Amino acid sequence: MVLSTTFMRLALVMGLVATAAARAESINAGDRKASGARPFEARAVAEFDTPWAIAFLPDGRMLITEKPGRIFLVTQDGKKIQIGNVPAVAARGQNGLLDIAVSPSFATTSQIYLTYTEPSSEGSRLVLTRAVLSLANDSAALTDPVVIWRQTPAGGGGQPGGIIAFDPSGTHLFLTVGDRMQPNSAQDPRQARGKVLRLNLDGATPSDNPRAEDKGVPAQTWTSGHRNPYGLAFASDGKLWLHEMGPRGGDELNLIEPGKNYGWPLVSNGDNYDGTPIPRHATRPDLAPPALYWDPVIAPAGLVFYDGPMFPQWKGSALIGGLRAQALVRVAFRPDGQPDEAERWDMGERIRDVAVAPDGAVWVIEDDSPGRLLRLTPMN
C-alpha cells in the first residue's frame, strides 16, 4: 500500500511537471513592435462602408460584406456590383452582416454561406444562411436562401463571432459563436455562445461529433470556452486554428481539438475591463491554454494560412489582421508546431480581414467608413 501510494504521488508530480513544461510553450507576443519597413506594396483598389469579410470566388473575383448589411461582387481592378436580396440585419456596434464563405461545392451549386445578426423581438440572433449566388450580365443576387443555423435563445450584446471555415475534405462546416457579452454562457453546454460548432453543409449535426448522441447545442459543439473568436482557419497540415479577443489583455491563438474547453471566463491571460483579476490558465490544467497570446492585445481579426507563390518566404505562415494594433501580423510555426509571431507590419489603419487570391496576392480590408480594400504584392 505504501509503495502504491508513493508511486501515485510520484506519477502526480510527474504529470504536473509535464503540464508545466507544456504550458511553458504558451508564448506572449504582446510586446512585439510593428515595423514600418514593409516587404510589400499596398495598392488601394476600392472603398466600402465598414467592410467585414472577403471571400474569393474561383475566378478571382471577391465577395465583400459591409457590416450595415450590403454585399458586393468585386473585381480585382475595383469594379463593384451590389448583390441583391441580402437578408435584413441588426447592425449595431459589433453586430451586423459578418462573414461570407464560398461553398466547397460552388463549382456545381453556386452556393455561398453568410453569417449575420438578425433582428428579433427577443434580441438579435446570430444566424448562418446558405444561398445561391445568381449572376447575370452586370447583376447579382442571392436566391433560395435557407437559414441552416440560428442562435437560441436570442439576445446578447456584441462579440458575435460568426466566422465560417470548411474542413479540408469539404464535408463539414465550422462556425464560431461569440459569448455575446454574456461570459458565463461560454461554459453553459445548453447555449451555443462561446462555442465552435461543427455542422454538415446543410446544417445537420454530424454523427461523429464529440457529443453527437445528445440533442441540440451539445451535439453540435466541437469546443467550448471561447470569448470572441474572429479568426478560424485550417492550416495545410489539416490542423484547425482559432484566434479570439481576450478581455483587457490576453488575445489568444488556439489549436482547436475536439471536445476541449478553452477556459473563458474561468481563466484568461488578461483581466476584466473593470480591473478585477481573472485566474490565469496555469491555475487550471484541465482547461486548454493558448499556444500563443498577446498581452498587450492586438485585437485580432481575420485569419488565413499562406500557401501562394508571391511570398514564398511566408509559406505555411498564418496572417492575422490587427484592429487595435493597426497592423498585419505574420505567425510562423516551428517544426514541432509551436507558433510564434514572426513579423508585424504597421498598416496605419485597423485591419478587419485578410484573404489570399488565387495568384498569391494578399488582400486586406480596413475597419473604417470608408474602409479601403488593399492588394499587397512583393516590393519591386
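Mentor: The protein has three helices and 25 strands, where helices (H or I, at least four residues) and strands (E, at least two) are DSSP runs, numbered from the N terminus.

Trainee: Why is the protein called as compact as a globular protein of its length?

Mentor: Its radius of gyration is 21 Å, close to the 21 Å that the globule rule gives for 380 residues, so the protein is as compact as a globular protein of that length. The radius is taken over C-alpha atoms, and the rule is 2.2 Å times the number of residues to the power 0.38. This is a predicted model, in which local features need pLDDT of at least 70 and side-chain atom pairs count only at pLDDT 80 or more, while totals for chains, interfaces and linings use all residues. Residues are numbered from 1 along each chain as its sequence is written, and side-chain values use heavy atoms, with hydrogens and water left out.

Trainee: How do you know which residues have a pLDDT under 50?

Mentor: The predictor gives each residue a confidence from 0 to 100, the pLDDT, and this stays under 50 over residues 1–24. The protein as a whole averages 94, and 94% of the residues score at least 70.

Trainee: Why does glutamine 111 count as buried?

Mentor: Buried means under 20% relative accessible area, exposed over 50%, and partly exposed in between (1.4 Å probe, protein chains only); glutamine 111 has 17% relative accessibility, and therefore counts as buried. Glutamine 111 belongs to strand E8 (residues 111–118), and beyond four places in sequence it touches Val102, Ser103, Ser105, Phe106, Arg130, Ala131 and Val132, a contact being heavy atoms within 4.5 Å.

Trainee: Why is alanine 288 called buried?

Mentor: Alanine 288 has a relative accessible area of 13%, so it is buried, although its place is in the loop between strand E17 (251–256) and strand E18 (292–294).

Trainee: What makes the phi of glutamine 159 worth a remark?

Mentor: Most residues other than glycine have a negative phi. Glutamine 159 is not a glycine, yet its phi is positive, about 55°. At 6% relative accessibility it also counts as buried, and it sits in the loop between strand E10 (139–150) and E11.

Trainee: How do you know where the largest pocket lies, and which residues are nearest its centre?

Mentor: On a 1 Å grid over the protein atoms alone, a pocket is an open set of points with protein on both sides within 12 Å along at least five of seven lines, a cavity is a set where a 1.4 Å probe fits but cannot get out, and lining residues have an atom within 4 Å of a point. By that rule 37 residues line the largest pocket, with Ala101, Ile164, Ala165, Phe166 and Val304 nearest its centre. Among the elements giving two or more residues to this lining are strand E7 (97–102), strand E11 (161–166) and strand E19 (300–305).

Trainee: How many nonpolar residues does the lining of the largest pocket have?

Mentor: There are 27 nonpolar residues, beside five polar and five charged; Ala, Val, Leu, Ile, Met, Phe, Trp, Tyr, Cys and Pro count as nonpolar, Asp, Glu, Lys and Arg as charged, and the others, Gly among them, as polar.

Trainee: Which residues lie nearest the centre of the largest cavity?

Mentor: They are Arg227, Glu244, Glu252, Trp264 and Ser268, from a lining of 13 residues.
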